[in-house]
Amino acid sequence: MTDLKVNIAGFIFLIHARYPDLPERCRDYVTDAKGADLEIAISDEEIAYEREKARREAELEAIPCEEYTPGQLEETAVYRKIAVYLSYQDACVFHGALIGLHGQGYLFTAKSGTGKTTHIRNWVQEFPETIIVNGDKPVLRMRNGRLMAYGTPWAGKEGYQENMAVELKAVILLKRGMDNRIRKLDFASAFPVLVSQTYRPEDGFGLKRVVELAGKMAKCTEFYELECTMDPVSARVAYAGIRDCDVR
């Protein structure tokens, strides 16, 4: 067993890792800070739960179920405990791709397979100073009236992540289209997608906290819908559209 202490979104987690997967995944987030906000150890029963959950989800989606190792399942179980904890702390794990550009964060979300990874690569191509903060599961957290977005070790297949934070400028809902166009959304239009892409605890109180956080997000960031092709020019259309809304 390996004990490691990690800093994720300003919270300190002491993890008792049974397998080498977790120390490797979390290596960029290790800290020597004193104390811990949450101590995590995963049991055999919790690993079995994650295996069965993966099997059920694959069955519902009618796709083959991957054969996960115990180490991979431990990673998922730790991630789940962290996500539940964050939901009670004015923070959440969000399913999306987060980039930073000129000190501001842009968070892209969509159904799996829509092209989030391709789109953020387009931003890197068109704006080389772009930083991919997290490719799959960043953390959003309210701090002193500002909505901050953080990289995490859980970063999707490509592993795009940086241990850093950016103030969130905009949340952009991606849709595939024949042309590139962006429009600003009011919060009522964006809210259902936001809640569906946020990790939601199974208990009612946890869900209530997530909904409350979404309400606070509405006051701190902007929401857009981007209909786009996979062409790199889509990044320039998005960036120009957001800046144009600022001018107005």
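Start by selecting Arg-141, which sits in strand E8 (residues 139–143); strands here are DSSP E runs of at least two residues and helices H or I runs of at least four, numbered from the N terminus. Before you zoom in: this is a predicted model, where local features need pLDDT of at least 70, side-chain atom pairs count only at pLDDT 80 or more, and totals for chains, interfaces and linings use all residues. Residues are numbered from 1 along each chain as its sequence is written, and side-chain values use heavy atoms, with hydrogens and water left out.

Arg-141 is buried but has no salt bridge. (Buried is under 20% relative accessible area, exposed over 50%, with a 1.4 Å probe and protein chains only; a salt bridge needs a side-chain nitrogen of Lys or Arg within 4 Å of a carboxyl oxygen of Asp or Glu.) Show Asp-37, the nearest side chain of opposite charge, 7.2 Å away.

Next, pick Thr-130, in the loop between helix H4 (116–126) and strand E7 (131–134). Thr-130 is buried too, at 8% relative accessible area. Its side chain reaches the backbone oxygen of Trp-123 at 3.4 Å.

Last stop: helix H5 (residues 187–196), with Ala-190, Leu-194 and Val-195 buried. Look down the axis of H5: the buried residues fall within an arc of 130° (taken from the axis-to-C-beta directions), so they line one face. They pack against strand E10 (165–176), helix H6 (204–220) and strand E12 (222–228), contact being heavy atoms within 4.5 Å. On the face turned away, find exposed Ala-188 and Pro-192.

Methods. A polar contact is a pair of N or O atoms within 3.5 Å; within protein, one must be able to donate a hydrogen and the other to accept it, and residues adjacent in sequence count only if both atoms are side-chain atoms. Lys and Arg count as positive and Asp and Glu as negative; His and the chain ends are not counted.
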